[in-house]
Amino acid sequence: MFVQEEKIFAGKVLRLHVCTVDGAEWLEEVSEDTTVEKLKERCLKHCVPGSLEDPKTVTHHKLIHATSEKVLTDTKTVLEENIQDRDVLLLIKKRAPPPLPKMADVSAEEKRKQEQKAPDKDAILKATANLPSRNVDRTVAHHNMRDFQTELRKILVSLIEVAQKLLALNPDAVELFKKANAMLDEDEEDRVDEIALRQLTEMGFPESRAVKALRLNHMSVTQAMEWLIEHADDPTVDAPLPGQAPSEATAEAGASSAEATAGPSSEAGGEEAKDELTEIFKKIRRKREFRPDPRAVIALMEMGFDEKEVVDALRVNNNQQNAACEWLLGDRKPSPEDLDKGIDTNSPLFQAILENPVVQLGLTNPKTLLAFEDMLENPLNSTQWMNDPETGPVMLQISRIFQTLNRT
C-alpha cells in the first residue's frame with residue numbers, strides 16, 4: 001500500500017475549537033507544523049465561502065487565542081504559538097484603518113495652523129512700518145543709572161555735613177540725637193531671631209555659637225544647624241565674625257560712650273553741649289559703619305587676601321563678592337578714600353537739591369541723617385529708606401532733580 005510522504009512525517013494532529021463574532025462554531029483539525037496563516041485560510045473557507053478570491057481577505061482577519069487573549073502571528077506554526085489540543089480560537093476581522101484626510105481637509109488644517117502661528121520678524125516689521133519710531137539707547141540708560149549711583153554717594157556725603165550743621169543749631173539737638181542713638185540700638189540687623197536661637201539651643205548648641213551660625217546663614221535654622229555640625233571640631237568656631245567686634249568689647253565701648261555723653265555741667269553749657277553732640281555723631285557713625293558680609297570675607301580671605309583689603313573691596317563694591325574679587329585682582333579703582341569725597345557744593349546739581357523745599361525740611365529731621373549715614377555705608381538698604389514715609393520723599397526729590405539736570 002502506498003502512503004504519502006507527508007503523512008508519514010506529519011506532526012501531531014490537534015482538534016481546535018474555532019468561533020466567529022457572528023456565533024459560528026466548528027472543529028478544525030490541524031497538525032502542529034501548520035502555519036497560522038494556513039489555519040486562517042482554512043477557517044475563512046469554512047465560514048466565508050469564496051472569500052479567498054480577494055487576496056486581502058486573509059490579511060484583514062486575525063486569529064486570537066481565547067485563553068491567553070494573544071493575537072497569533074501569521075508566520076509562526078501552531079507549535080511555536082504553543083497551541084494545545086481542544087484550545088479555543090477566535091476568528092475576527094481587523095479594524096479598518098482611519099481613512100486618509102481629503103486634500104480640502106488638509107488645506108483647511110494647514111490654514112488654521114498658519115493663523116495660529118506667531119508672527120516672524122518680517123511680519124512684525126511690516127505691521128509696524130507706519131508707527132512713529134521711539135529709539136531708546138539702552139546703553140545710555142544703563143550708564144545713567146550707574147552715574148546716579150556714583151553721584152548719589154557724593155551727594156549723601158555733602159548732605160550729611162549740611163544736616164549735621166542744621167541739626168546742631170536746634171536747641172533740642174542733644175535730646176534728638178539721643179533718641180536717634182536709641183533707635184540704632186533697635187537695629188533689626190543686629191538682632192537674632194529668638195525662636196530660631198531657642199531651637200538651636202534646645203538641640204544642645206552653645207548660645208554664642210548658635211548666634212554666630214544664624215548670622216552666617218541669614219537666620220536659617222536648617223543651614224545654621226548644618227554649619228554648627230560641620231564646624232563642631234573647628235578650633236576657631238568661637239572666634240568673632242570678621243569685621244565684627246566681640247560682644248564684650250562692644251559693651252565696653254558702649255559704656256565708655258555713655259560716660260562720655262553723660263550730661264554737661266551747667267557751668268559750661270554751650271561748649272559741653274557741642275562736645276556732647278559731637279560724641280553722639282561719632283557714636284552714630286560707629287554704629288552705622290560698614291558691615292561686610294561674613295561669608296564673603298571668609299571666602300575672599302581663603303583666596304589669600306588680607307582681611308583689611310577684603311573689607312575695603314567689599315565696601316567699595318557694596319558687599320558683592322564677585323565684584324570685590326575683581327577689584328582685588330584689578331587696579332583697585334575707585335579707592336576706599338574716594339568713597340568719602342563729596343560733591344562740589346557750588347555745582348548746579350547740589351544747589352538745586354538744597355533749594356528744594358522737601359529736601360530742606362527733611363534735613364531738619366534726625367531720621368534723614370540716619371538714613372543718609374546708613375545708605376552711605378550700606379547701599380543695599382536704600383530700598384528700605386525709599387519706602388519710609390519720612391525719608392522716602394527726600395530721596396525721591398534728589399533722584400528727580402538728578403534725572404532732570406542730567407537730561408539737559
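Buried means under 20% relative accessible area, exposed means over 50%, and partly exposed lies in between, with a 1.4 Å probe and protein chains only. The model is predicted, so to speak of a local feature takes a pLDDT of at least 70 and a side-chain atom pair counts only at pLDDT 80 or more, while totals for chains, interfaces and linings use all residues. Residues are numbered from 1 along each chain as its sequence is written, and side-chain values use heavy atoms, with hydrogens and water left out.

**Exercise 1. Helix 9**

Task: Find which residues of helix 9 are buried, and what they pack against.

Solution. Start with the element: helices (H or I, at least four residues) and strands (E, at least two) are DSSP runs, numbered from the N terminus. Helix 9 covers residues 207-216. Its buried residues are Ala210, Val211, Lys212, Ala213, Leu214 and Leu216. Next, look for contacts, meaning heavy atoms within 4.5 Å. The buried residues of helix 9 pack against helix 8 (194-202), helix 10 (221-230) and helix 13 (294-301).

**Exercise 2. The largest nonpolar core**

Solution. A nonpolar core is a set of buried Ala, Val, Leu, Ile, Met, Phe, Trp, Tyr and Cys residues joined through side-chain atoms within 4.5 Å. The largest one has 25 residues, and those touching the most other members are Ile155, Leu159, Leu349, Ile353, Phe372, Met375 and Ile398. Now zoom in on Leu159: leaving aside neighbours within four places in sequence, Leu159 is in contact with Phe350, Ile353, Leu354, Leu363, Phe372 and Ile398. Another core, of 16 residues, lies apart from this one and includes Val18, Trp26, Val30 and Val36.

**Exercise 3. Strand 1 and its partners**

Task: Describe how strand 1 pairs with strand 2 and with strand 5.

Solution. Two strands pair if DSSP finds at least two bridges between them. Strand 1 (residues 13-20) and strand 2 run antiparallel, joined by 7 bridges. One place to check is His17, whose bridge partner in strand 2 is Leu27. The hairpin of these two strands has 4 residues between the strands, and Gly23 takes a positive phi near 100 degrees there. With strand 5, strand 1 pairs in the parallel sense over 4 bridges. Here Thr20 stands opposite Leu91.

**Exercise 4. Glu28**

Task: Decide whether Glu28 is buried or exposed, and list what it touches.

Solution. Glu28 is found in strand 2 (residues 25-31). Its relative accessible area is 8%, so Glu28 is buried. Beyond residues up to four places away in sequence, Glu28 touches Leu14, Arg15, Leu16, Val18, Leu39, Arg42 and Cys43. The side chains of Glu28 and Trp26 are joined by a polar contact of 2.7 Å; such a contact is a pair of N or O atoms within 3.5 Å, where within protein one must be able to donate a hydrogen and the other to accept it, and residues adjacent in sequence count only if both atoms are side-chain atoms.

**Exercise 5. Two loop residues**

Task: Say where Asn82 and Arg332 lie, and how exposed Asn82 and Arg332 are.

Solution. Asn82 has a positive phi of about 60 degrees although it is not a glycine. Asn82 lies in the loop between strand 4 (70-71) and strand 5 (88-93), and is exposed at 53% relative accessible area. Arg332, not a glycine either, has a positive phi of about 60 degrees. Arg332 sits in the loop between helix 15 (321-329) and helix 16, and counts as partly exposed at 29% relative accessibility.
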